[in-house]
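Please work through the following exercises with the sequence and the three-dimensional view side by side. Try each task before reading its solution.

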Amino acid sequence: MFSHLILGLRSAGLPASITEYMTLMAAMKANVAEYSVDDFYYLARATLVKDERHLDKFDRVFAHCFKGIEPEEGVNPQDLPVEWLKKLAEKMLSPEEMAKLEAMGGFDALMERLKELLAEQKSRHQGGSKWIGTAGTSPFGAHGANPEGVRIGQDKSRNRTAVKVWDRRDFKDLDDTVELGTRGMKLALRRLRRFARQGAATELDLPDTIKSTANNAGMLDLKMVAERHNTVKVLLFLDVGGSMDDYVKLTEELFSAAKSEFKHLEYYYFHNFPYERVWKNNRRRHEEVIPTWQVLRTYGPDYKMIFVGDAAMSPYEITMAGGSVEHWNEEAGVTWIERLCGHYRRSAWLNPTPQKSWGHVRSITMVNDLMEGRMFPLTVNGIDEMTKELSR
Amino acid sequence: MAGFKSTERYIASRDLEVAVNAAVTLQRPLLVKGEPGTGKTVLAHEVAGALGYPLIEWHIKSTTKAQQGLYEYDAVSRLRDGQLGDERVHDIGNYIVRGKLWEAFEADAPVVVLIDEVDKADIEFPNDLLLELDRMQFFVYETRKTIVATHRPVVIITSNNEKELPDAFLRRCFFHYIRFPDRETMERIVQAHYPDIKKDLAREALNVFFQVREVPGLKKKPATSELLDWLKLLMVEDMPVETLRSNEKQVVIPPLYGALLKNEQDVHLFERLAFLARRGG
């Protein structure tokens, strides 16, 4: 019945399962949603999404799947109070513009035209020069360039119901900002170490032995545990060359700190953005390239993936095939980073540039979005936050 | 149909109502996440109140084991009784201590179980409760008995997102993320808690509150519970409204800020901003 919703969710990378889908069906049958589309949206969200990181994705897929199901909630001309529009126009327009408006036939003429158009127009519209919609040059609509424009649908005070809940995308930014502090870098990295016991039982576990002996009413019961192993596996991708040269020292500091902390640490270099090839030895970067596919095959999803890079580049290097500055890449950087992040569930991006300036560089924002907000500054607290995120 | 709705004291958004009603109707656990102080724990109390069920609270700590929610076998006292020659020692059932879930399963009427801050426990904790929460039954090895819930309890689980929960566990739950309330909802919440608060005091306090939340770089943004505490303080101290007023651009340190800002870095940040604002303005 709603199989296209769950299929859409799964292809968008949301881990929705058959069990959850069946639960949704059962809830529908039990009449929880009570025939309201909004309630169905809430119900589907509570059933299929289990992590707030996925809420925005869900909203997008839902909007796509159920486009047109909701009865058209266009603006009814009778419902638009003239005084309200007038007030809005006075607030929005400068005196000169008001004079221009008068030249066009005055406010009332404008309103008449609006009513005509509203009656004529049936669907949502964007661009163009006649219909009411967004970003156009027609006098009506939002974000327009026409000085006589009437803004419709942007102000939430009146037409609230016209915006569907899932179109609002409330969960776009559920991220917190990263803070700075004073603790040592090595200390932060140590957080990554999570002691876990694996392998054969070789050590005597004294507390457990005492406990089980007591449980055994005094008969000796020896208990063994596995030896302590540091099981954290890390895959490092380091950006070299280009805009990163300033940060090589910082990166090396992190790198040497990291090397002593993990049992398994693999590192690869890339330039600006990871594409289909990486390399291990920076001096021989052109002779010894390793296909990224090979990296994906070699290291399992239990590795934690950390990129270190300033993510400063032209947006084309991320979004377009052939966008790389060094070579022709068949697939866009976006595809590669999504592939990597899909394979390695625990991943993060460390950025040595100050966090304050991230907003000014478009590619940094793009990479941060691609990493779902898991970009951290290369400072002690940034690393602390990163390790917390990686070891969750 | 069982109905959970906003009450006079607890303002629930429509999506929360739907999620709670779905969980109650299908008798599945409801997992609630959200910023600290947005009323996750209070929700369980309100649901219990709305449905008229008693509430059983199980607060999770880092040392809590899943087994403790079911039952514990007190071997030490049995050993002692054995040495003293107590008659009770022959029945192992005398040394089984019931846990919160057992209590809930054997209750005469349906109950609401709150498993609070499930993310505080060990990473395996949720996995150990899968079957118990799914089938609402468990097996007691010592007495060879299976405990089955007479009435499936309404289970509400809260998480502060410190640890990620396993997929198998999530698949069995309904999920709701409590968003931070917008201004309108916040006004309703304040009204619900302090019906006799002065209108202008509430308005100015909310202005300051949302301004504080806007300040970039705060370690811990104040949430609903902090706001309510602060308002209460303001009312008790009978603060004049004027102390809260500031013009739009300027940041002032709010009076009695201790209720809103919870660590010294944030207070320091505020003092610096206020200093800059004074110098600039």
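The exercises below concern a predicted model, and they go from whole chains to single residues.

**Exercise 1. The two chains**

Task: Describe the secondary structure and the burial of chain A and of chain B.

Solution: Begin with chain A, whose secondary structure comes to 16 helices and 11 strands, and in which buried residues make up 28% of the 392 residues. Chain B comes to 12 helices and nine strands, and 31% of its 281 residues count as buried. The next step is to look at contacts between residues at least 6 apart in sequence: in chain A, 62% of these join residues at least 24 apart, while in chain B the corresponding share is 75%.

**Exercise 2. Where the chains touch**

Task: Find how many residues each chain gives to the contact, and which element of chain A gives the most.

Solution: The contact takes 29 residues from chain A and 28 residues from chain B. On the side of chain A that touches chain B, the elements that give two or more residues are H2, H3 and helix H10 (206-215) of chain A. Of these, H3(A) gives the most, with seven residues. Sorted by class, this side of chain A has 12 nonpolar, eight polar and nine charged residues.

**Exercise 3. A pair of packed helices**

Task: Describe how H2(A) and H3(A) pack, giving the angle and the distance between their axes.

Solution: Two packed helices are described by the angle between their axes and the distance between the axes. For H2(A) and H3(A), the angle is about 145 degrees and the axes are 9 Å apart, and the crossing is right-handed. The residues that make the contact are A:Glu20, A:Thr23, A:Leu24 and A:Ala27 on the side of H2(A), and A:Leu43, A:Ala44, A:Thr47 and A:Leu48 on the side of H3(A). By class, this contact has five nonpolar, two polar and one charged residues.

**Exercise 4. A helix and its cover**

Task: Compare the reach of helix H1 of chain B with the expected value, and state what covers its buried residues.

Solution: Helix H1 of chain B runs over residues 14-26, and its 13 residues reach 18 Å from the first C-alpha to the last, close to the 18 Å expected at 1.5 Å a residue. Among the buried residues of H1(B) are B:Leu16, B:Val18, B:Ala19, B:Val20 and B:Ala23. Their cover includes elements from both chains: helix H2 (18-29) and helix H3 (37-48) of chain A, together with strand S1 (30-34), helix H2 (40-51), strand S8 (154-159) and strand S9 (174-178) of chain B. After H1(B) comes B:Gln27, whose phi is positive, near 55 degrees.

**Exercise 5. The nonpolar cores**

Task: Which residues of the largest nonpolar core touch the most other members?

Solution: In soluble globular proteins, nonpolar side chains tend to be buried together. Here the largest nonpolar core has 70 residues, and those that touch the most other members are A:Leu43, B:Ala19, B:Leu30 and B:Ile156. Taking B:Leu30 as an example, and not counting residues up to four places away in sequence, its contacts include B:Ala19, B:Val20, B:Ala23 and B:Ile156. A second, separate core of 35 residues includes A:Phe237, A:Ile306, A:Ile337 and A:Met386.

**Exercise 6. Buried or partly exposed?**

Task: Decide whether A:Asn272, A:Ala311 and A:Val334 are buried or partly exposed.

Solution: The cut-off needed here is that a residue is buried if 20 or more other C-beta atoms lie within 10 Å of its own. A:Asn272 counts as buried because it has 25 C-beta neighbours inside 10 Å, and A:Ala311 counts as buried because it has 27. A:Val334 has 17 other C-beta atoms within 10 Å, and is therefore partly exposed.

The backbone can then be examined. Most residues other than glycine have a negative phi. A:Asn272, however, has a positive phi of about 65 degrees, and lies in the loop between strand S6 (264-270) and strand S7 (277-279) of chain A. A:Ala311 also has a positive phi, near 55 degrees, and is found in the loop between strand S9 (304-308) and helix H13 (316-319) of chain A.

Finally, A:Val334 belongs to helix H14 (residues 333-343) of chain A. A:Val334 and A:Thr319 are 15 residues apart in sequence and 5.7 Å apart in space, C-alpha to C-alpha.

Conventions
Residues are numbered from 1 along each chain as its sequence is written. Chains are lettered from A and ligands numbered from 1 in the order in which they are written. This is a predicted model: local features need pLDDT of at least 70, side-chain atom pairs count only at pLDDT 80 or more; totals for chains, interfaces and linings use all residues. Helices (H or I, at least four residues) and strands (E, at least two) are DSSP runs, numbered from the N terminus. The expected span of a helix is 1.5 Å times one less than its number of residues. A residue is buried if 20 or more other C-beta atoms lie within 10 Å of its own, exposed if 12 or fewer, and partly exposed in between; C-beta atoms are placed from the backbone. Two residues are in contact if their C-beta atoms, placed from the backbone, lie within 7 Å. Ala, Val, Leu, Ile, Met, Phe, Trp, Tyr, Cys and Pro count as nonpolar, Asp, Glu, Lys and Arg as charged, and the others, Gly among them, as polar. Axes are lines fitted to C-alpha atoms, for helices over the stretch in contact, and angles run from 0 to 180 degrees between N-to-C directions. A crossing is left-handed if the near helix is turned anticlockwise from the far one by less than a right angle, and right-handed if clockwise. A nonpolar core is a set of buried Ala, Val, Leu, Ile, Met, Phe, Trp, Tyr and Cys residues joined through C-beta atoms within 7 Å.
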